[in-house]
Amino acid sequence: MSSLAAALADVVGGAQVLARPATLHVYRSDALPGLRALPSLAVFPATPDELIGVIRVLAAHDAPFVARGAGTGLSGGALADGITLVGLHRMRRILALDPVARTATVEPGVVNATLTRAAAPHGLHYAPDPSSQAACTIGGNIAENAGGPHCLKYGVTLDHVVAATIVLPDGEVVTLDRGDEGGYDLLGAFVGSEGCFGVVVDVTVRLTPDPERIVTLLADFTSVDTAADATSQVVAAGIVPAALELMDAATIGAVESSVYAAGYPRDAAAVLLVEVDGAADGVEADVTHLTALLRDAGARGVRVAHDPADRARLWQGRKKAFGAMGRIAPHLVVQDAVVPRTRLAELLRTIEGIGVRHGVRVCNVFHAGDGNLHPNIPCDTDDPAEAARVHAAMSEIMTACIAAGGSITGEHGVGIDKLGYMDALFTPETLDAMCRLREVFDPGRRANPGKAVPVHACREWHAVPAGRRGVA
Amino acid sequence: MTTDAVSRPCALPGTPLAQERAGLDACVHCGFCLPACPTYLALDDENDSPRGRLLLMQTLLDGTVRPDDPDVGRHFDQCLGCRGCETACPSGVPYGRLLEATRATLTTHRPLPLVARLILGVFAREWALRPALAAARLVRASGVAGWLARALPARLGMPFAMLASTARPDAANWAATGDGQRGEATLLTGCVMEGLFHPVNRATERTLTVNGYRMRSTPGQVCCGALHAHAGDLETARALARTNITAFESCGAASVVVNSAGCGAMLTEYAHLLADDPAWAARAATFAATVRDVSALLAAAGPTPTAPIGAPRRVAYDAPCHLQHGQRIVDPPLAVLRAAGGIRSVPLAEADQCCGSAGIFNLTQPEVAERVLAPKLRRIAESGAEVVATGNPGCLMQIGGGLTLTGSPVVARHPVELLDADYARGTRRD
């Protein structure tokens, strides 16, 4: 056992340090298994003291590390290439839940859906609801500034974080807030920093009151174009849905073949899942308005679900769609990009054309209301020729999204998967500013090295020893 | 786009795991199985999660990890095989089959532990099994089991507490009649069920009779082979399956009734187990289609309710994994309980979580089983139930033994026993 492993074992106990490659393989990927990197060590602290102790040992050994929640990320952000992986899944206590102040303080390993379950008896919920909410952790949500279908109306993770205790990579423990009482919004800088600024010890988040009435509509269309245009018409009509999601035929087929079959019409070219919530009167008026609007926009049928069980079924299908695509092919390449909503139909046509040209099948399931695309390609990446076609198609798709005035990530983060697109999106000056912001939190560049911002963009990079350059 | 698997290098060609490789390819690593896995929640290591074990299978196949690696073997040993992950999996990964195939592949590189081999050997041989169960009944009847459960330290006492919990001093005994209009059914009497839970078997026959089934017996039936298949001894499981198929074919009843969730899940898997055997594949598929859990047959018949009886007992239902995940049977056991007039159902939190029994798991992995059982016992205490109803002998013994050891007044009973007892009380009142 290395001296680092021995020192870590002193903090958490020998059983919570993995050092043999045979037991480290399961930590080589997040939910994008096409990206792999084997950690040299994995360590699992269970308490704030253990976590702080672990980070201090790593600092004393000048050792780089990567924090990981449940490994449900979709950009390779939690890969630790030959360095130490700090698993936070054992830190899963809800430390406080205040129904009057409507806040909860939790450890980073608390599962997103667990927090909502704990808040439910008080008529509250945690609003950011990534599709992986049944498994993903609040700590990971903070690292990625995670979104989810309901962020259209309720905002993303950052909008729901009040304060956080952070252990900085050098072992110092600080409390960050939104700067509401003066000073900088350092928490705003931390949320979405993809694990490059430090590790959450605990975080206080806002809980949201359950709406009085929730209604979910399922509208089905015979063309993707019509469905995409309908989303713009909904928003243009002045209705702010709680969520507005689009799924295409390939996605519908995968979901309907799974245990989460939701009753989406298999012969539709696309379905829109629209949810409205709020005070009962307003919601009923919105439902009437929306039903008429969707029909006028070309919907073949509109199904209205009031009953919680029926609504839950419609949502389960959407939320498990990504997993269900495993039925189509051995591997799945997932992408995440944002485009102006008004250009959705045009971009979906472009994406389809790119898919046809490269001989790959693109499945679309995404947050249409905020123009957050998820083009997914089921494929067999063990076939080098197919892997190359998929890669080429994805690059063209991302280039098209950037050209349309969009961005390369809506909610999955850059990680290592999208590092290569950063230069196309940002000027060297902007990237250098990001590097310098990072230096404030992690001057040693030991926290999640080589992620989020391409290292060549950092002016001082070449002064750092090669061993620290991480996976990039 | 191609969906055909490209020919990939395989470090374990021709093994059961290599044959099931397509099932492995369905996993996209989404991680939705993690919160559904009792051993991940208890052991906190992704190596003890479904996604982790699937990845270990992958590394075995691509040769990254050797099949005799002690750590890898341990993580497969520590899997309950509850298949809760299958119910959570959007991609339909056949985890249970992959686990059995992996264990079958690993047994050629590392033999099963002695305890497991001993138990499996006894269950595969009628001449050994009958005396063993008779001896167990003697230990139970003499009161030695109860005494040892109390006197020994918890982990050593658990097997005796489990045995003591199978006693049924209050077993009903009455003659049931029915119109037989729902056709013929025959009972898989089972090993542990007939050996230690024979009052449950009689209750099964009586409740089915009351509900219009004509019961026929099937001589020549043997252990279902579930314990062997789960441990990776697929050859013994196949031999037992062939014997059972032959026996039940001679009986000819329309339905083969099972009151043990684990055995029922196994019988429905015979089609897959013998799929590559040309002489048996079709027979196995025909047989598997006749298998019914007792709760499903009773629910199909109503079941006939009893009138409200006295002060109702508070009963909490705990779903056996191989009923809810293995056979996707969720509502029928609740219908059985609703028909019993002497019962008031109370909710049990986390009733869908495994209790840690898992066949012989609680004997081969007592420490893990204990950690999985602990939250179950807490939830039972919180529910305020007087009785926990569950339709599987392993769960009845694991929960019953745990309750006995912790000095709880709560008892574990099969749903059919509870309905039968209320039928019996109704009969007496007539």
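1. Basis of the model. The model is predicted, so that local features need pLDDT of at least 70 and side-chain atom pairs count only at pLDDT 80 or more, while totals for chains, interfaces and linings use all residues. Residues are numbered from 1 along each chain as its sequence is written, and chains are lettered from A and ligands numbered from 1 in the order in which they are written.

2. Overall form of chain A. Chain A holds 16 helices and 20 strands; helices (H or I, at least four residues) and strands (E, at least two) are DSSP runs, numbered from the N terminus. Its radius of gyration is 22 Å, close to the 23 Å of the globule rule for 472 residues, so chain A is as compact as a globular protein of that length. This radius is taken over C-alpha atoms, and the rule is 2.2 Å times the number of residues to the power 0.38. The C-alpha trace of chain A spans about 65 × 55 × 40 Å along its principal axes.

3. Burial in chain A. Of the 472 residues in chain A, 54% are buried (20 or more other C-beta atoms within 10 Å of the residue's own, C-beta atoms being placed from the backbone).

4. Domains 1 and 2. An automatic or database domain assignment divides chain A into domain 1 (3-87), domain 2 (94-209), domain 3 (213-323), domain 4 (329-403) and domain 5 (426-468). In chain A, 14 residues of domain 1 are in contact with 20 residues of domain 2 (C-beta atoms, placed from the backbone, within 7 Å). On the domain 1 side of this contact, helix 3 of chain A gives the largest share, 6 residues.

5. Helix 11 of chain A. At 1.5 Å a residue, the 12 residues of helix 11 (residues 308-319) should span 16 Å, and the end C-alpha atoms are 16 Å apart, which agrees; the expected span is 1.5 Å times one less than the number of residues. Buried residues of this helix are Leu314(A), Trp315(A), Gly317(A), Arg318(A) and Lys319(A). They pack against several elements of chain A, including strand 12 (213-221), helix 9 (249-256) and helix 12 (321-324).

6. Contact between the chains. The contact takes 41 residues from chain A and 33 residues from chain B. On the chain B side, helix 4 (50-62) and helix 5 (70-77) of chain B each give two or more residues, and helix 4 of chain B gives the largest share, 4 residues.

Conventions. Buried ≥ 20, exposed ≤ 12 C-beta atoms within 10 Å, placed from the backbone. Contact = placed C-beta atoms within 7 Å.
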